[in-house]
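Hi there,

Here is the structure I promised to pass on. Please have a look at it first; my notes follow below.

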Number of protein chains: 2
Amino acid sequence: MTAASLAQDLSAAIHAHRIAPGTKLREDELSDIYSVSRTIVRSALQALAHQKLVDIQRNRGASVASPTPRDAHDVFEARIMIEPQMAQAAAQKAMPDDIAILRQHIADEHAAVLAGDRGQALALSGQFHVEIARMADQSIIAEFVRSLVERSSLIIALYWRKPSTLCESDAHHALLAALASHDGPATHKLMTQHLTDLHSSLDLHMQGSEIVNLKDALRR
Amino acid sequence: MTAASLAQDLSAAIHAHRIAPGTKLREDELSDIYSVSRTIVRSALQALAHQKLVDIQRNRGASVASPTPRDAHDVFEARIMIEPQMAQAAAQKAMPDDIAILRQHIADEHAAVLAGDRGQALALSGQFHVEIARMADQSIIAEFVRSLVERSSLIIALYWRKPSTLCESDAHHALLAALASHDGPATHKLMTQHLTDLHSSLDLHMQGSEIVNLKDALRR
DNA sequence: AGGATGAATATTGTATACAATTAACTCAAG
DNA sequence: CTTGAGTTAATTGTATACAATATTCATCCT
């Protein structure tokens, strides 16, 4: 188990909401669970801190990031500023293969929802957005979008109003259609609307996340 | 000397072009120079790697990042995609204080050029762009722009065609005027032009950076 | 001479010991 | 009871020792 794979594992657990925002991540606890030295654990935690997935406070340790309402606002504001433009560019460059990939994403997402795998559905839903940025052939911005999507996942874990409903499928279908027909302006508009909807369906007042037992949430 | 301040110090040295892209950064050499343990050095290097200022290859150590022509293209492509939009938003929100800050930036930059402090001039020129993103009240994107500007500094160090001329002052003046008069579309256009000019005045073919002695380039 | 081989050296990767700091607890005073 | 100081335990920060890997250099064979 290397530092990178540990970070990957923790990241997956955070995104799947197996460990709640705010959960303390003590170094020797993690080093016990994964049977590595604290050196490795620290390295992984620092990497996750750079991705804003965990908070590190000097002499006070690490915990799963717990975005404030302000953070949530800022992240979605940024996405609304960037992603419609990327979607518009993607519509112009879209190749048949790209469309096929997106279609597959939607199908997988649908399957995950049916299987009741909320975490997987959310991950795929996010990847849909990253894939669009990649289609626009903007590798650096695509990476930035990926980081925003990751942070959004945490935010949704905290502030999503209706945990049951998964209402975005329609929006993704509409985006796919606009992309396939190379309609840049329509794609731009749809993406703006989609992100605005997402943002406005957050309840930035709710709080309170239960802290779970790490050994249970993480494998072994 | 903490890890953060070491990273800051190295970052400044890189941006001031006191250590050239490609220069090897051996851990015990740095730990000697700064009189800290390798633990601290490693932490600082990892932080800089996240900022893409240094390259780390497993078992092969760290070196100052040496962006490829492809990297240079991607970075400026990203800036051209983002910054005009930010500038347009900034033009709408610009407050008198903001304008004053930008005016000061330009003055300082001019002074640095006259003083022959090329590194300082470049830094201030970059801050001008970051400040605009901040004016648009987009903290997250402002941070992203900051990272792009930092990478641009490295790229300019490698690929800038005419090391003597400092031709951007005019562009910044024009941008300032457009911002002050709240002319969004004009600001957007000027920023696009400015970045396009910058990009096209790079010579992506030149290579070859001399490796310098670290102890000389870094203090003590 | 040119290239392969393998020791010797240099450099990075990881674990662990110890120091510094923070959090938890005890117990007495009000 | 509650509050606070002082002590103990838990946790993170840093240095260092050792292991693993890469690089260098001398040597040998063709």
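Two strands count as paired when DSSP finds at least two bridges between them. By that rule, and bearing in mind that this is a predicted model, chain B has an open sheet of three strands in the order E1-E3-E2, with antiparallel pairing. The edges are strand E1 (24-25) and strand E2 (54-57) of chain B, each pairing on one side only. E2(B) runs antiparallel to strand E3 (residues 61-64) of chain B, and four bridges join the two. To find your way in, look at B:Gln57: its bridge partner in E3(B) is B:Gly61.

Now to the interface. Chain B and chain A bury about 2,000 Å² between them, with 58% of it on carbon and sulfur atoms. The contact takes 23 residues from chain B and 23 residues from chain A.

On the chain B side, the elements giving two or more residues are helix H3 (38-50), helix H4 (69-93) and helix H7 (139-159). H4(B) has the largest share, nine residues. By type, the residues of chain B that touch chain A divide into eleven nonpolar, seven polar and five charged.

Best wishes

Notes. Residues numbered from 1 in each chain as written. Chains lettered and ligands numbered in written order. Predicted model: local features only at pLDDT ≥ 70, side-chain atom pairs only at ≥ 80, totals over all residues. Heavy atoms only, no water. Contact = heavy atoms within 4.5 Å. Buried area = accessible area lost by both parts, 1.4 Å probe. Nonpolar A, V, L, I, M, F, W, Y, C, P; charged D, E, K, R; others polar.
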